Amino acid sequence: MSDSNNDSNSEQPDYSFETLAIRSGHPHTSEQEHSEPIYPTSSFVFNSAREAAARFSGELPGNIYSRFTNPTVRNFEQRLAALEGAERCVATSSGMAAILSTCMALLKAGDHVVCSRSVFGTTFTLLNKFLAKFGVSTTFVNLTSREEWQQAVTANTKLLMLETPSNPLCEVADIQWLADLAHSSNALLMVDNCFCTPALQQPMKFGADIVVHSATKYLDGQGRCVGGAMLGNDEIAEEVFGFLRSGGPTMSPFNAWVFLKGLETLRLRMDAHSANALTIAQWLEKQSGIEKVHYSGLASHPQHALAATQQRAFGGVLSFQVEGDRDAAWRFIDATQMVSITANLGDVKTTITHPATTTHGKLTAEEKLSSGIHDNLIRLAIGLEDIEDLKADLLRGLAKI
Ligand SMILES: Cc1ncc(COP(=O)(O)O)c(C=O)c1O
C-alpha cells in the first residue's frame, strides 16, 4: 500500500494481517474502481509488433496471455503472499495443481521425497503412483514420529512434505524441527497450510520453504470455486511459474477474484470456525456414545501444547469416534438433518464425512489402521451456523448410534 489514499499498490510490511487481507494487492486502475476488478481476458494486446516482440523476449514487462499472467490472478497472488509472509505466490487451478506444479518444477528422476502418511489421499496417490513413474521415489512416515522422519532422509532427499494439522485426526507436527531437519540435509520443507490458513499459522515463520494451499477450502470460505497456490522465495516461485507457463494449470481470473474477496474476511472466519469447533469438541467429549474426540484445541490432544505455540487458534476441523462400528457411524451421519454430507471442508456450512469410506476409501485396511482411520471415525468441518442449531443436529446423530 502506498501513502496515497487511492492506491494500494506497494506493500508496507508494518500493516497488520487484517489490513493486508483487505487492502494489499490492489493497484487501482485509471478507472479508479473501489472494488478489485476482474479481467476475464485470454490475451492482451500490444501497441506494435515491436512491443509484442519485446514482451515475448522479456525485454519489456507486461501481460501477454492469461496462461502466463493475469491482473486479477496477480492481485490474489500478491495478497496471499502478504498474508503468508512469502516473497512470492503462484496461483494454480486447484490445490492438487499447486502440489503437482511444485513437484514438477523442483524434482527430477532419482530424487527422493519424505512425506507424512497423513496427507490428503490424492497427494499420497500423486507421489506414490504418478511421480514414481518418473523416477521420483517417496518414503511415507508417521507425521509425529521424529525418528521416522530422521531415518527416512537420504542423500537424495530433496523435499519433506506434510500437512499440519492433519486430516482428519488433527495431529500436529513441529514445523521448526522439520525445517531444521530438511535444511541440515539440503532439502526443502513444504507445508500444506490448508487447515489453518495464514490467519492461524504462518509456516514460513517457523522455517518452511514452501507453503501450498487448496484455495478451494477456507481461502474461498463459501464452497464456490476450485483453486490453489504455492508460496516461496523468488527463486523457487520462478521455477514453479515456469512450469505453469508450460504445463498450463493456471487459475482463472474469475476464481482469483472470488478468492481475493474471500481473503478479506479470512481472519474473522477462521477465528469464528475455531471458536465453534472448540465448543463442539468440548461438548462432544461429554456426550455418551462418543469413544474419542480428535481436536488439537482439547487439553486431551497429544500435541495440544505444540499446536498452541504454532497456531493462533485450532481451526474448524475435528473428528470423533462413535462407540460402535461403521454402521453406527453411518447411522449417526444419516440422522443429521442440517449439516451437509459432503467431502469438502472450509465452508461456512458445516460438513460431515465418513473418512474410511470416502476421502480415505482407497487405502488398504492395513494403511487405514496405521493412519488411525477407523470405521467408527467421523469428520466434522465446523461452519458458522448457530452453535445451538449445530448441537441439536448432532444430537439427532447421537440418538441413532
Ligand atoms: C489438505 C489438502 N490439500 C490439498 C487438497 C487438494 O485441493 P483441491 O481439491 O483444491 O485440488 C485438499 C482437498 O481436499 C486438501 O484437503
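Predicted model: local features only at pLDDT ≥ 70, side-chain atom pairs only at ≥ 80, totals over all residues.
**Exercise 1. Cys 170 and Asn 186**

Step 1: look at the backbone. Cys 170 is not a glycine, yet its phi is positive, at about 60°. Asn 186, also not a glycine, has a positive phi of about 60°. Most residues other than glycine have a negative phi.

Step 2: Cys 170 sits in the loop between E4 and H7. Asn 186 belongs to the loop between H7 and strand E5 (188-192).

**Exercise 2. Cis peptide bonds**

Task: Which residue is joined to Pro 165 by a cis peptide bond, and which to Pro 168? Locate each proline in the chain.

Solution. Step 1: read omega. The bond between Thr 164 and Pro 165 is cis, with omega about 0°. The bond between Asn 167 and Pro 168 is likewise cis, with omega about 0°.

Step 1: locate the prolines. Pro 165 is found in the loop that runs between strand E4 (157-163) and helix H7 (175-184). Pro 168 is also placed in the loop between E4 and H7, where Cys 170 was placed in the exercise above.

**Exercise 3. The largest nonpolar core**

Task: Which residues of the largest nonpolar core touch the most other members, and which helix gives the most to this core?

Solution. Step 1: find the most connected members. The core has 112 residues, of which Leu 160, Leu 178 and Leu 318 touch the most other members.

Step 1: find the main contributor. Helix H4 (residues 95-106) gives the most, with nine residues.

Step 2: check the domains. Domain 1 (17-264) and domain 2 (267-398) each supply at least three residues to this core.

Step 3: list partners of Leu 160. Leaving out residues up to four places away in sequence, Leu 160 touches Val 114, Leu 178, Leu 181, Ala 182, Ala 187, Leu 189 and Met 190.

**Exercise 4. A five-stranded sheet**

Task: What is the strand order of the open sheet formed by five strands, and which are its edge strands?

Solution. Step 1: give the order. The strands run E8-E9-E12-E11-E10, with mixed pairing.

Step 1: name the edges. Strand E8 (290-294) and strand E10 (340-341) each pair on one side only.

Step 2: examine one pair. Strand E11 (residues 351-353) and strand E12 (residues 377-381) are antiparallel and joined by three bridges. Thr 353 stands opposite Arg 379 in E12.

Step 3: Helix H13 (residues 326-335) lies across strand E9 (317-322), E10, E11 and E12, at about 30° to E12.

**Exercise 5. Contact between the domains**

Task: How many residues of domain 1 are in contact with domain 2, and how do they divide by class?

Solution. The protein chain is divided into domain 1 (17-264) and domain 2 (267-398). Their C-alpha centres lie 27 Å apart.

Step 1: count the contacts. Contact involves 28 residues of domain 1 and 32 residues of domain 2.

Step 2: sort the domain 1 side. By class, this side has 14 nonpolar, nine polar and five charged residues. Helix H1 (17-23) and helix H8 (197-200) each supply at least two residues of this side.

Definitions and conventions
Residues numbered from 1 in each chain as written. Core = buried A, V, L, I, M, F, W, Y, C linked by C-beta atoms within 7 Å. Buried ≥ 20, exposed ≤ 12 C-beta atoms within 10 Å, placed from the backbone. Helix = DSSP H or I, 4+ residues; strand = E, 2+ residues; numbered from the N terminus. Domains from an automatic or database assignment. Contact = placed C-beta atoms within 7 Å. Pairing = 2+ DSSP bridges. Axes fitted to C-alpha atoms, helices over the stretch in contact; angles between N-to-C directions. Nonpolar A, V, L, I, M, F, W, Y, C, P; charged D, E, K, R; others polar.
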